[in-house]
Amino acid sequence: MKQLDLVIAGFGGQGILSAGKLLAYAGMLEGKHVSWLPSYGPEMRGGTANCSIVISDEPIGSPIIDYPNALIAMNGPSLEKFEKKIVKGGFIITNSSLVEGRSMRTDVEFIGVPATEMASDMGNLTYANIIILGKLLGKTGIVKKESFEAALKKVLPEKKHYMIPDEMKALVMGHDI
Amino acid sequence: MATVFKRPHALKEKELHYCPGCTHGIIHRLIAEVIDELDIEGITVGVSPVGCAYNNYEYFNCDMVQAAHGRAPAVATGIKRVNPDNYVFTYQGDGDLAAIGTAEIVHAAARGEKITTVFVNNAIYGMTSGQMAPTTLLGQVTTTSPYGRKAEIHGFPINVCELLSTLEGAAYVERTSVHDVKNIKKTKAAIKKAFEVQKAKKGFSIVEVLSTCPTNWGINPIDSLKWLEENMLPHYPLGVFKGKDLEV
Amino acid sequence: MAEKLLMKGNEVIAEAALRAGCRHYFGYPITPQTEVAHYMAKVMPKVNGTFIQAESEVAAINMVYGAAAAGARVLTSSSSPGVSLKQEGISYIAGAELPAVLVNIVRCGPGLGGIQAAQCDYFQACKGGGHGDYKNIVLAPSSVQELYELTVHAFNLADKYRMLAMILGDGMLGQMMEAVEFKDKEEIYSADKDWACTGTKMQRESNDITSIYIQPEVLEGLNRKLQAKYRQVEQNEAMVETYNCDNAEIIVTAYGTVARIIKNVIKMAENEGIRVGLIRPITLYPFPAAAYEKYAETPEAFLSVELSAGQMVEDVRLAVNGKCPVHFYGRTGGVIPSQIEILNEIKKILNK
């Protein structure tokens, strides 16, 4: 994949912004050009969050994504809000534990991952976002798993590094599904 | 022959521009004498206000920064934070400090900013020609209260020392007057104490000095001193409001 | 070069200021720039610096005035309504010729407006804002890396010219994360601040910092001196990026984040066989007029795209000086124009 134009969206507290940040960091560590643009302000306070991540082999023009080629929808409203924007031939990954039904779009690939259930089986619901990212990595190869692990080390404060093995386990689960 | 009276070193050899009978000159001299006695001229930075004393940077021999109207405590904060070993003082009138600069003085005091403010209260705006000040007394005639200050229209005068003394960051708060020799001496002692409080890093210090404005009061200089005594003292009692027992 | 870091624009501003030797920050909370303050609040106590959350923007800019008068490198940051409040202090800083750096992460107005990205403070930043004949140096970064470089540059320019240097960004730039690569060591313009009020130490005459001059001739003297300095700045410090301008059918001009949208538009236009160029002013004051003069007769038209109702376009028209039609397209209120709507505007102008 030459350029990923990804929107990640969901409820506040689902780790939307941090998932995007990890992904962008991993891309940067591979020497790619990256940008991460969050929604901010009233939208944020309404309980929804989204961010736009561009990972590219070439310098990035606008960090604003008019034409996403990928969407991660962690809840129903996010799917509804963003599915219209996905370019033909793009794909949507949803957290099928929380998103009922499928996309209205027939010209994009639709992938459901029961991320919340899987995370629950792992004993930690907060890993749902990582499981979904795992699927994104498995599908696109946009960054390597090793880069993701390196990003975790950079992004997480030292005292949380004990979580990295579990985070990686979650990533691999999503990756291999 | 012994010299018994001379210009303090901290004052420049420059003629003051103040009106005849105005007490700004006395207060300038007191500050300069204190700077001399503490031997701190070389490490003192003063902040000039907007008002009659706007250009008093021309009179002091220490470094001086001229501030926007009411902002002297904020400017002094910036100066002090950069060079904490400097003595930093502001010189402000009643319009500057108690009207447009109310937020700045209250918060500098609340932060316990280690600066000293000399607050000259003559109950009127001087430079802009005699308008009502926040400290104008009830009944007092000014160009913007031509029928006398009325509580129901203009509200009440602000007692700055009483107000600031409620703040924990204010370490030393005293009100003095310069209407006679005894009180002039007390004013000097108060300013000195305020600088010493700053040196001891105890917090914010302020001396409110009751002062005259013969020109805008429309009273001759001698009678102005009497007017101050008879009219201002009852409303603005003298004394230490905070830090009486402060050891410095 | 050190390793690349992924950082938020606002945090990079703070880090850049620290790297430029700034140890004094005064500010007041306002969205969308608060991360600058958060970062400073964390770091300043560790480096023996000052962080004060002031009681108002008015107080904050006057603390800046004081700290600059005392010779320090000093920063304040805010967003549009807050910068309006700072205008008094900015004018005094200009009058007293003090070096200081101010960041405006612009949001949409007027009034309390909204908190989304905008460029509606161009006039305020470049054409005065406060009272009096004065100028601020205004820098308009368009990436996080540039935020870093231009913030350091701003401190150097401020010291070099004893002026206020302003970073004019927007909420997007402040909130976004990109890779940033810090230098191991910054180039610091070393200014002999012999005018600063640090105490005479009884070894020199007193220094007075002031902006009041009651004598008209004396004040005119100051104004002449300021204007001569501004001409110097105009001559020496203009910065601009030109992209694809040779043989362009239309030259779009935009600054900051909007210029990045234009780069995407240029690609889209290329696919349709339309040659679009870009002039991106990096300094808004001094305005890089020479770049417009150079290309004034190249394209069929110029188009200024702004997140405003049309502000920079006036400077573009002055620079193009009637040699070519200058069009304008802007969105306001925090609305960001899409690539396709800009492309459509280009086609409309070119009758394609």
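## A covered strand in chain C

Both faces of strand 7 of chain C are covered: on one side L164(C), M166(C), L168(C) and D170(C) are all buried, and on the other so are A165(C), I167(C) and G169(C). Buried here means under 20% relative accessible area, with exposed over 50% and partly exposed in between (1.4 Å probe, protein chains only). Strands (E, at least two residues) and helices (H or I, at least four) are DSSP runs, numbered from the N terminus.

Strand 7 of chain C has parallel neighbours. Strand 5 (residues 100–106) of chain C is joined to strand 7 by 7 bridges, with V106(C) standing opposite D170(C). Strand 6 (residues 137–139) of chain C runs parallel to strand 7 too, through 3 bridges, and there I137(C) stands opposite A165(C). Two strands count as paired if DSSP finds at least two bridges between them.

## How to read the model

This is a predicted model, in which local features need pLDDT of at least 70 and side-chain atom pairs count only at pLDDT 80 or more, while totals for chains, interfaces and linings use all residues. Residues are numbered from 1 along each chain as its sequence is written, chains are lettered from A and ligands numbered from 1 in the order in which they are written, and side-chain values use heavy atoms, leaving out hydrogens and water.

## Where chain C meets chain B

Here 34 residues of chain C are in contact (heavy atoms within 4.5 Å) with 34 residues of chain B. The two chains bury about 2,600 Å² between them, 60% of it on carbon and sulfur atoms; buried area is the accessible area (1.4 Å probe) that two parts lose on being put together, summed over both. In chain C, E55(C), M202(C) and I212(C) lose the most area to chain B, together 19% of what that side buries.

There are 4 salt bridges between these chains, each a side-chain nitrogen of Lys or Arg within 4 Å of a carboxyl oxygen of Asp or Glu. One joins E55(C) to R111(B), with the closest N and O atoms 3.0 Å apart. Helix 3 of chain C gives the most to the side that touches chain B, with 8 residues. Strand 2 of chain B also pairs with strand 9 of chain C, in the parallel sense over 2 bridges, and V65(B) stands opposite I209(C).

## A look at N61(B)

N61(B) sits in the loop between strand 1 (44–48) and strand 2 (63–66) of chain B. With a relative accessible area of 18%, N61(B) is buried. Its side chain reaches the backbone oxygen of H9(B) at 2.8 Å. Not counting residues up to four places away in sequence, N61(B) touches several others, including T200(C) and S206(C).

## Where chain A meets chain C

This contact takes 22 residues from chain A and 27 residues from chain C. About 2,000 Å² is buried between the two, and carbon and sulfur atoms give 61% of that. In chain A, M28(A), W36(A) and Y40(A) lose the most area to chain C, together 30% of what that side buries.

The count of salt bridges here is 2; in one, the side chains of E58(A) and K267(C) meet at 4.0 Å, N to O. Strand 2 of chain A and strand 8 (residues 177–181) of chain C run antiparallel, joined by 2 bridges, and S35(A) has E178(C) as its bridge partner.

Technical notes:
Polar contact = N/O pair within 3.5 Å; in protein donor to acceptor, adjacent residues only side chain to side chain.
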